[in-house]
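Open the model in your viewer and keep the selection tool at hand. This tour goes one stop at a time.

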Amino acid sequence: MARRVLVLGIGNILWGDEGFGVRAVEAFHRRYALPEHVTLLDGGTQGLYLVQYVREADDLLVFDAIDYGLAPGTLKIVRDGDVPKFTGSKKMSLHQTGFQEVLSAADLLGDYPSRLALIGCQPLDLENWGGPLTEPVRGAIAAAVTAAHDILLEWGVDCVLRAEPLAPELALLKHDIDHQSYESRRGADAAGEWRD
Amino acid sequence: MTQQRILQNGAAEVAQAAAPAVAATASAGVDTPNGFRLDNSGKRVVVDPVTRIEGHLRVEVNVDSDNVIRNAVSTGTMWRGIEVILKNRDPRDAWAFTERICGVCTGTHALTSVRAVEDALGIAIPENANSIRNLMQLALQVHDHIVHFYHLHALDWVDVVSALSADPKATSALAQSISSWPLSSPGYYKDLQTRLKKFVESGQLGPFKNGYWGSKAYRLPPEANLMAVAHYLEALDFQKEIVKIHTIFGGKNPHPNWLVGGVPCAINIDGTGAVGAINMERLNLVDSIIDQLIEFNDKVYIPDIMAIGSLYKDWLYGGGLSGKSVLAYGDVPEHANDYTDKNLLLPRGAIINGRLDEIHPVDHRDPEEIQEFVTHSWYKYGDETRGLHPWDGVTEPHYELGPNAKGTKTNIIELDEGGKYSWIKAPRWRGHAMEVGPLARWVIGYAQGKPQFKEPVEKVLHDLGLPTSALFSTLGRTAARALESQWAGYQMRHFFDKLVANIKAGDLATANVEKWEPKSWPKETKGVGFTEAPRGALAHWIKIKDGKIDNYQCVVPTTWNGSPRDPAGNIGAFEASLMNTPMVDPAQPLEILRTIHSFDPCLACSTHVMSEDGQEMATVQVR
């Protein structure tokens, strides 16, 4: 049986660069068609509620905004045992559950993924309520998508390049919160002016 | 740099500040209009952040020479930008945005949002849509209550480390004496204890790392602790079943779909498969999940509450406003489109000044009833002695510390509650600070004499040998949540049966699209949607102009409970609940966590704490 693979984007799309993880998995899905045994998930800020998806995965690839102290937009990929270390400092929304705790909870329940990869992007601005991704972070999405493709290839997953990127209405996020609609509206632009 | 980071970094720096204790000014105390005597002359204890909650909350208290809390100050971050994000967007998409405000109340915000839009546009939903929405809302209620109790609150009563020294045989005997739940053999507990030992010995306390293990404030014997830890893990495993109901009716999870005018799922009873319209196969799955959650409530959650309650029943602090002023909007309409009190299965009304014999009606549209004040909040109004109704709400940030604050704007050592001190506004009902949430709902249901609320409450009190007054406590709040989870399970059974009967009678309608097109809408209109979120009364107020959102205001439950003082000097529910609680050791503020957690706070609706070392243990400063 094929190994179960989970490609997970986490973060809050309403908080500036905090949206990186979700926007990256959205872009990845628009670009590649994936076989049945691969699940793409917009995990949002679900924290501990993601534990069941992590438990089901043999291999787990995560996109997230991580503060590595690097230049904004820099991608850094960490693997396996190093993943919890980097996800520990990042508190997700669900009662400040770090992703590290989600991994710990999966471990405690006896279902820890055997392969882990984290594609982290250094954010510039995490505090712009209602704001868009900043330029450097938006600019890193294409490279993050390519990096994910390479990791999945190494894991034996056949990502099929779509002839055309998937139309927004078929994408992971709909109802005006897909990346393009979310950022192109006046409301989102005005949010920038609203900052302290 | 924004204020949020200031608060968080400020917190981290407090511990290093090593500021000399400043001689507190003596004070005879001040009486608040809502019946509390505040005395800030004793030493100040700062807990920042309060962990295992949604968002960022800081609590400061003053304790007297016996370590009893005599003044309480709570301050938090709160989502405050939704009106800006939603301005000019399509009202039919607002639910998708509000679903993203928060990682916990996703579906509740979405439901509140579609109700607000339907109210503004005069859209009636089909009966099946009402039943399905109730099933989704009640499933969220059960899910949230179970996860809150086991994963966020139980560890305030249960000492995980003590569980390591339990005797598995005695644990089994204890478990079997209180419930017929099958997972209770000595072998089961022995295996679990071994697994827990291995986990703790590997150095990764993981979800258990934020605890004051070994504190004298913990009272359960090791066996009860081991049983509770077992149920912690079982609940973590079981919660995934409950959310399948959201996947079935909402198309996906997390972030299920909602629809203005009904629900987004069609019904095709003869269909097959796990995708597409709702068919018999999937209804059968819902049916079986409802049975399972009823059993979990009956055989695990309720017995655990009773077991913990029996060992803490003399710890009846934390009542705060619950016996004085409580508010519920009501929810779970029996029939579609009727939001009057008599049609709502969760009670609606306001009790003030402890008068349980008088339930006041609540009107979300009346500008004199629900108002938000900012006298002590970091916002600016033209006239801050007055409150604003949410339809006229203004959110203009204004960050300044009071004259007696210690530290700086970027490094707050002590807040000055005499000035502005929180990002949370202060909502009031006819000028009264109100508690909202499961206990508020159950107090109102109890006061109305409705048997479905009164009888379970009386049974719990009777079985624990406690008077009615014991209901107004931290433990009462925790017990009310459990009773509500049980009640919600039974209601799910009711609405499931109703849905199936209606489908069998040939009614397959799930959506009303008559007013879907904006050209059918009035040029200008406004509406309000309300629900009872797991943590309390939630409402969204919307103004629509030319087919677009003109104004959108959310007043969320934790705004009510976590509110700062108002111009009259009333303290909010969190602050009130901490008053007069004795602390075993102010450096280990377990009592504060226990009571604040009992509200199931949900603050920032999204926050991100980036402490460099990943350490999230609260900083506690006693001075």
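**A helix to begin with**

Select residues 106–121 of chain B, in this predicted model, to bring up helix α4. How far apart should its ends be? At 1.5 Å a residue, its 16 residues should span 22 Å, and the end C-alpha atoms are 23 Å apart, so the two agree. Now look at its surroundings. α4(B) is mostly covered, with 16 of its 16 residues buried. Step just past the helix to Gly122(B). There phi is positive, at about 65 degrees.

**The sheet beside it**

Next, show β12, β13 and β14 of chain B. These 3 strands make an open sheet, in that order, with antiparallel pairing. Select 524–533 for β12 and 548–555 for β14, both in chain B. They are the edge strands: each has a single partner, so one side of each lacks a neighbour in the sheet. From one strand to the next, the twist averages 15 degrees.

Zoom in on β13(B), residues 536–545. It is joined to β14(B) by 7 bridges. Pick Ile542(B): its bridge partner in β14(B) is Tyr552(B). Then bring the helix back. α4(B) packs on this sheet and touches β12 and β13 of chain B. Its direction makes about 145 degrees with that of β12(B).

**Out to the domains**

Colour chain B by domain: 3–80, 370–419 and 564–622 for domain 1, and 97–153, 240–362 and 435–559 for domain 2. Where they meet, 27 residues of domain 1 contact 29 of domain 2. On the domain 1 side, β8 (370–373), α16 (573–578) and α17 (590–597) of chain B each give two or more residues. That side holds 13 nonpolar, 9 polar and 5 charged residues.

Terms used: Residues numbered from 1 in each chain as written. Chains lettered and ligands numbered in written order. Predicted model: local features only at pLDDT ≥ 70, side-chain atom pairs only at ≥ 80, totals over all residues. Domains from an automatic or database assignment. Contact = placed C-beta atoms within 7 Å. Helix = DSSP H or I, 4+ residues; strand = E, 2+ residues; numbered from the N terminus. Nonpolar A, V, L, I, M, F, W, Y, C, P; charged D, E, K, R; others polar. Expected span 1.5 Å × (residues − 1). Buried ≥ 20, exposed ≤ 12 C-beta atoms within 10 Å, placed from the backbone. Pairing = 2+ DSSP bridges. Axes fitted to C-alpha atoms, helices over the stretch in contact; angles between N-to-C directions.
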